[in-house]
There are 2 protein chains.
Amino acid sequence: MSEFNNVSVVKKANVYFGGNVSSRTIRFADGSVKTLGFMLPGEYTFNTADPEIMEIIDGDLDVLLPGSENWLTITGGQSFDVPANAKFTVNIKTATDYCCSFLK
Amino acid sequence: MSEFNNVSVVKKANVYFGGNVSSRTIRFADGSVKTLGFMLPGEYTFNTADPEIMEIIDGDLDVLLPGSENWLTITGGQSFDVPANAKFTVNIKTATDYCCSFLK
């Protein structure tokens with residue numbers, strides 16, 4: 001799916017790490033929420049509340065998932081899951097375009 | 001308006017200047033198009049096709065508009081218009097969140 005239809009978009013960006021990570025909140029008719037975001041090269045640690053699916057649209061990164069000691073290499077077209085109430089770290093190699101789905 | 005409702009959002013980001021500028025394309029039911037974008041500090045020159053209204057949601061910049069020799073200082077809450085088929089340059093002082101409306 002290249003386009004989300006019949007959605008609401010929050011105008012103001014979500015901004016993290018001085019702007020190196022920014023995203024837009026997308027609300028769906030069924031009440032679910034996703035963010036479409038962009039990350040510049042660097043290392044960032046995030047905390048989850050709900051479980052998340054991180055779909056990488058474009059870019060290259062390594063991710064250290066909760067409970068793991070091994071970095072996973074992820075590239076555009078791949079995704080990774082993060083459990084609720086957990087911490088994960090990404091090391092962005094090339095500017096990365098992503099879609100994050102929050103699962104209830 | 002803090003949220004756009006009943007719109008379509010193109011999933012893949014528009015990426016410029018190595019990712020220092022990125023945006024998402026928002027399509028409205030009436031056929032009009034806006035982008036919600038983010039610019040990191042730096043100087044960027046853009047070319048317009050249609051006339052544009054650049055609404056600055058947050059951030060600080062100077063803009064050199066077509067035909068002008070004087071930079072205008074713009075901050076969050078302000079906007080500026082750019083004619084069609086023209087060039088404008090922005091000097092982003094602090095990470096800037098914007099909404100660009102394309103006029104037909």
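**Figure 1. Salt bridges in the predicted model.** Over all chains, this predicted structure holds 12 salt bridges. Eight salt bridges are found across the interface of chain B and chain A. The views below show individual pairs, together with the interface of the two chains.

**Figure 2. The salt bridge of Arg27(B) and Glu3(A).** The closest N and O atoms of Arg27(B) and Glu3(A) are 3.3 Å apart, and the two residues form a salt bridge. This pair crosses between chains: Arg27(B) belongs to strand β3 of chain B, and Glu3(A) belongs to strand β1 of chain A. Arg27(B) has a relative accessible area of 37% and is therefore partly exposed.

**Figure 3. The salt bridge of Asp97(B) and Arg24(A).** Here the side chains of Asp97(B) and Arg24(A) meet, with an N to O distance of 2.7 Å. Strand β9 (87-102) of chain B is among the strands that supply at least two residues each to the side of chain B touching chain A; the others are β1 (3-10), β3 (21-27), β4 (33-39) and β6 (52-64). With eight residues, β1(B) gives the most to this side. The side of chain B that touches chain A comprises 15 nonpolar, nine polar and eight charged residues.

**Figure 4. The paired β1 strands of chain A and chain B.** Strand β1 (residues 3-10) of chain A pairs with β1(B) in the antiparallel sense, over five bridges. Within this arrangement, Val9(A) has Phe4(B) as its bridge partner in β1(B).

**Figure 5. The interface of chain B and chain A.** In this view, 32 residues of chain B are in contact with 32 residues of chain A. The two chains bury about 2500 Å² between them, and 52% of this area is on carbon and sulfur atoms. In chain B, the residues that lose the most area to chain A are Val9(B), Lys11(B) and Arg24(B), together 27% of what that side buries. The rule also finds 21 residue pairs in polar contact across the interface.

**Figure 6. The salt bridge of Asp50(A) and Lys104(A).** The closest N and O atoms of Asp50(A) and Lys104(A) are 3.0 Å apart. Asp50(A) lies in the loop between β5 (42-47) and β6 (52-64) of chain A, whereas Lys104(A) lies in the segment after β9 (87-102), 54 residues apart. Asp50(A) is partly exposed at 24% relative accessibility, while Lys104(A) is exposed at 90%.

**Figure 7. The salt bridge of Asp50(B) and Lys104(B).** The side chains of Asp50(B) and Lys104(B) meet in a salt bridge of 3.0 Å, N to O. Because Asp50(B) is in the loop between β5 (42-47) and β6 of chain B and Lys104(B) is in the segment after β9, the pair ties together parts that are 54 residues apart in sequence. Asp50(B) is partly exposed, with a relative accessible area of 25%, and Lys104(B) is exposed, with 89%.

Methods:
Residues are numbered from 1 along each chain as its sequence is written. Chains are lettered from A and ligands numbered from 1 in the order in which they are written. This is a predicted model: local features need pLDDT of at least 70, side-chain atom pairs count only at pLDDT 80 or more; totals for chains, interfaces and linings use all residues. Side-chain values use heavy atoms; hydrogens and water are left out. Contact means heavy atoms within 4.5 Å. Buried area is the accessible area (1.4 Å probe) that two parts lose on being put together, summed over both. A salt bridge is a side-chain nitrogen of Lys or Arg within 4 Å of a carboxyl oxygen of Asp or Glu. A polar contact is a pair of N or O atoms within 3.5 Å; within protein, one must be able to donate a hydrogen and the other to accept it, and residues adjacent in sequence count only if both atoms are side-chain atoms. Helices (H or I, at least four residues) and strands (E, at least two) are DSSP runs, numbered from the N terminus. Ala, Val, Leu, Ile, Met, Phe, Trp, Tyr, Cys and Pro count as nonpolar, Asp, Glu, Lys and Arg as charged, and the others, Gly among them, as polar. Two strands pair if DSSP finds at least two bridges between them. Buried means under 20% relative accessible area, exposed over 50%, partly exposed in between (1.4 Å probe, protein chains only).
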